[in-house]
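Subject: Structure handover and notes

Dear colleague,

I am passing on the structure we spoke about, together with some notes on what turned up in it. Please have the model open while you read.

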Protein chains: 2
Amino acid sequence: MSLASDLLANLLARADFFSGLPQQRRLYEAAKTAIHQHHLGAGTKLPSSRDLARDLCLARNTVVAAFEQLSNEGYVTSSLGSGTYVADLAELKPIDDPRTQIDNAEVVTSSEVAPAAPLSRRGAHITAFAAGPRFEIQPFVPGDADFTHFPFKLWQRLQNRVWREARSELLDYADAGGFLPLRLAIAEYLRVSRSVRVAVENIVITSGTHQSLDLCAQLLADVGDTAWVEDPCYWAARRVFEACDLVLHPVKVDAEGIALAAEDLATDPRLIYVTPSHQYPTGVVMSLARRRELLDVAVRKNAWILEDDYDSEFRYTGRPLASLQGLDADDRVVYMGTFSKILYPGIKIGYMVVPSALAEPFKIALYDLQRPGQLMVQAALADFISEGHFTTHIRKIRQIYGARRELLRKTLVAQFGAQFSQRVSISSEESGLHMVVELPDQVDDVALEKLAAESGISVKALSTYYLKAPARRGLLVGYAYVTPDKIVYYGKLLAAVILSGVR
Amino acid sequence: MSLASDLLANLLARADFFSGLPQQRRLYEAAKTAIHQHHLGAGTKLPSSRDLARDLCLARNTVVAAFEQLSNEGYVTSSLGSGTYVADLAELKPIDDPRTQIDNAEVVTSSEVAPAAPLSRRGAHITAFAAGPRFEIQPFVPGDADFTHFPFKLWQRLQNRVWREARSELLDYADAGGFLPLRLAIAEYLRVSRSVRVAVENIVITSGTHQSLDLCAQLLADVGDTAWVEDPCYWAARRVFEACDLVLHPVKVDAEGIALAAEDLATDPRLIYVTPSHQYPTGVVMSLARRRELLDVAVRKNAWILEDDYDSEFRYTGRPLASLQGLDADDRVVYMGTFSKILYPGIKIGYMVVPSALAEPFKIALYDLQRPGQLMVQAALADFISEGHFTTHIRKIRQIYGARRELLRKTLVAQFGAQFSQRVSISSEESGLHMVVELPDQVDDVALEKLAAESGISVKALSTYYLKAPARRGLLVGYAYVTPDKIVYYGKLLAAVILSGVR
């Protein structure tokens, strides 16, 4: 058994290593982890797929498929007849990559001990799978909003009014779940707009959805507990749950939303993470029957439903749907929202509506673990909402985004032409910040994503949001922050890229 | 075996339940958890210490000591001859405590399933041990700074200058470790003032020390890994590490700082959390010999040292000491600081200086897990520092705090009188935001803390900062934000409380 086989076998032997996922995925993850941790250094020759399959007791097809994915993503290179080699990650990252210094540092410092990776297992995992920092904003990144429409002057005026009062208590940490006037304003907004059943006591202001999810994972689940997530799934929820060492159990999503099967019901989740208003990323709206079923299952399983209502404000036709939380008679739903999409990302204010039984523990733990602050910003935001600017702003950007969506759709459809209408389709729901261009199953959407990037276009392959095969193929195309002229220009470019892949 | 014995035995059987800590502590934690989760309801009669000792295979002394601590903290009450009963937590919390509604909610909702606690094990633990939300600010809370001296007008001017530019990119999330000009300003400040070896690439801006610690725990340690912490220890570090499911190994602190013994060296930490400039809470400064030893041990153990330099700016005589990080030739130290103490708590900006090998992974994970923002605030802060206002402000509040410290010391000493000078002493280091009034070993400092609270004084018992006996007795008294007239008035009251306990 070669060193590489040995290494991968060790990783795969860990019970917690992507447990529950297909072998192909687990092998792929193991190799990626070993490469990122420099256990498999650049230039290392990997065993042949035949040898590796034998060493790891896997089907050869499984190994070949994992190798293929690694090769697609640049982790390994292979030349016909000579074998497969670990790629040089430093070459993938032209900037001075400190990870390449790790080995040297260890040679110097740890002469007496066995060299070890600088990061923990979860640390290596978190960084290996991170979406990575954002560089220049390019057209069509899904999920981005256009915050150039943020009313700078108005906000500055409200902010100055708060600061002029020089209330030093607003410089302190935020306790008791956040600034009361802001919690009142949010409660009023949610009651009217989102049919959320809410008393101000149930509102907890966090510094955004990441922090809301983190708090739920820490307070409602233990290490090794299972969380049901939609498949495909919002990447941030996945990352936060993984960082809290939960076991993710992907549940299929169909045209009615999350679709529980017998194999799902055989597991016992502590958390069920869903995006019922507008499934991320497919855009599907969860049907009423499924909502009722999910609430029922949550009661029977004694699980908590985390309803992430991340962009329901952006519904371009008709009224936004009522929340799942509004249907919940049994207090099993934690509802969460954010101001990042509507106002601006860096505001770092989100909120949760928690069942009464959780209100006090959540407030205590939030204060203890995260020490929230930014009361001056919370005060300005409270005024912004209660004086009506918030709904005005939503109306304004909803119009802008709706028009951009329609322009992008028309641009793409015109380029696709009639001959492709059977093979390429555009998600039809009239909401959100992105659309999904759905592609035939045999199309390699990851390759298309890369091809698009070469034209300066950032779209995301639908298949990468899946935890479990079979992944549907498609591209997520964000339109909200792209100006009309760019939508037309880059829309045509994007259509050409897509057609080159479908042809 | 009684139900209560059974319940506690189950908790103690968990390998991860406060593993490594003394049996007395584990039993105490188990009982507290069971009480908070309502598994041991109010009024439940506990088995006698003799029976419990037999059922749990513990020494009877161990059980008695755990009972005593529970009784001291109000979790159980005992009446002579009739036994020990679980106290009513609702009575301890006169406000509408949602935890008392939990049982009712479950009766309604989960008729088909066994009732379960709403929180996870770690969630229950986090909330049970939380310092709790802060209500009215009372004199002498340790660690609080006086942010009424914050230059509101100046800050507003800098803030408006930033907002007037209406740079929409400053509304986005903060990637790449934070706003570059702020990272440059911090690097310059740390080099000059704190002898920290730092390049701007090594600086990562977080939303404060809680978030810095959380990131270190997630990236550098796995579930069940050991973290060495000082004993006594800063509570927030403890909470954050526990929430990340690390095993805390307390290391004794003596007059030279953290004092490693053979039993400590027998464990293998991944993290070593220290406050070398000004040990929290004792105020001890780590000696140079100990610093060298610790760096050496970190290399041999392949562990990371987390140096929390939380308040070194507040040194009233002489220059602040150089940082531990400045001595580190092997890149084993993560240095962390915060602006919460110097500027204002709610600003939510802290920073880490990480070794080069960690810089890129930390930036990636920070962006992925926490999505930092507040670039507008970061920009205003960068100007505040680079235009010299920061050092001016430090000088100003350092004078104010130094004078308050001296006034409090004089007030207490005058009240204590000569007859107590042998029994009560005041920590002598001239720095920080609090002093420690050291008390004889037989004094119940927790009782004194409660007594002081009845006079409207919030001090903290030194013994509660210890993870492991023998705890030293004393009171932490914060003076930084208390105005001189209040220092004299409440100082006399506090002295009377202390004398009543020592007499």
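Predicted model: local features only at pLDDT ≥ 70, side-chain atom pairs only at ≥ 80, totals over all residues.

Chain A is assigned three domains, with domain 1 spanning 3–107, domain 2 spanning 148–387 and domain 3 spanning 394–502. The C-alpha centres of domain 2 and domain 3 of chain A lie 27 Å apart, and the contact between these two domains takes 25 residues from domain 2 of chain A and 25 residues from domain 3 of chain A. Between domain 2 and domain 3 of chain A an area of about 2400 Å² is buried, and carbon and sulfur atoms give 61% of that area. On the domain 2 side, the residues that lose the most area to domain 3 of chain A are A:His149, A:Phe314 and A:Tyr316, which together account for 29% of what that side buries.

As for polar interactions, the count between domain 2 and domain 3 of chain A is one salt bridge, and there are eight residue pairs in polar contact between these domains, with both residues at pLDDT 80 or more. On the side of domain 2 of chain A that touches domain 3 of chain A, the elements that give two or more residues are strand E5 (226–231), helix H11 (235–243) and strand E6 (247–254) of chain A, and E5(A) gives the most, with three residues. By class, that side of domain 2 of chain A has twelve nonpolar, five polar and eight charged residues.

A salt bridge is found between the side chains of A:Lys468 and A:Glu263, at 3.1 Å from N to O.

Over all chains, a search of the whole structure finds 35 aromatic pairs. One of them joins A:Phe150 and B:Trp163 in a tilted arrangement, with 6.3 Å from centre to centre and 45 degrees between the planes. This pair crosses between chains, from A:Phe150 in the loop between helix H7 (121–128) and helix H8 (152–164) of chain A to B:Trp163 in helix H8 of chain B.

Most residues other than glycine have a negative phi, and most peptide bonds are trans. The peptide bond from A:Asp231 to A:Pro232, however, is cis, with omega near 10 degrees, and A:Pro232 is found in the loop between E5 and H11 of chain A. In chain B, the peptide bond from B:Tyr280 to B:Pro281 is cis, with omega near 5 degrees, and B:Pro281 is found in the loop between strand E8 (269–274) and helix H13 (288–301) of chain B. A:Asn302, although not a glycine, has a positive phi of about 55 degrees, and A:Asn302 is found in the loop between helix H13 (288–301) and strand E9 (304–308) of chain A.

With best wishes

Note on methods: Residues numbered from 1 in each chain as written. Chains lettered and ligands numbered in written order. Heavy atoms only, no water. Domains from an automatic or database assignment. Contact = heavy atoms within 4.5 Å. Buried area = accessible area lost by both parts, 1.4 Å probe. Salt bridge = Lys/Arg side-chain N within 4 Å of Asp/Glu carboxyl O. Polar contact = N/O pair within 3.5 Å; in protein donor to acceptor, adjacent residues only side chain to side chain. Helix = DSSP H or I, 4+ residues; strand = E, 2+ residues; numbered from the N terminus. Nonpolar A, V, L, I, M, F, W, Y, C, P; charged D, E, K, R; others polar. Phe/Tyr/Trp six-rings, centres within 6.5 Å; stacked < 30°, edge-to-face > 60°.
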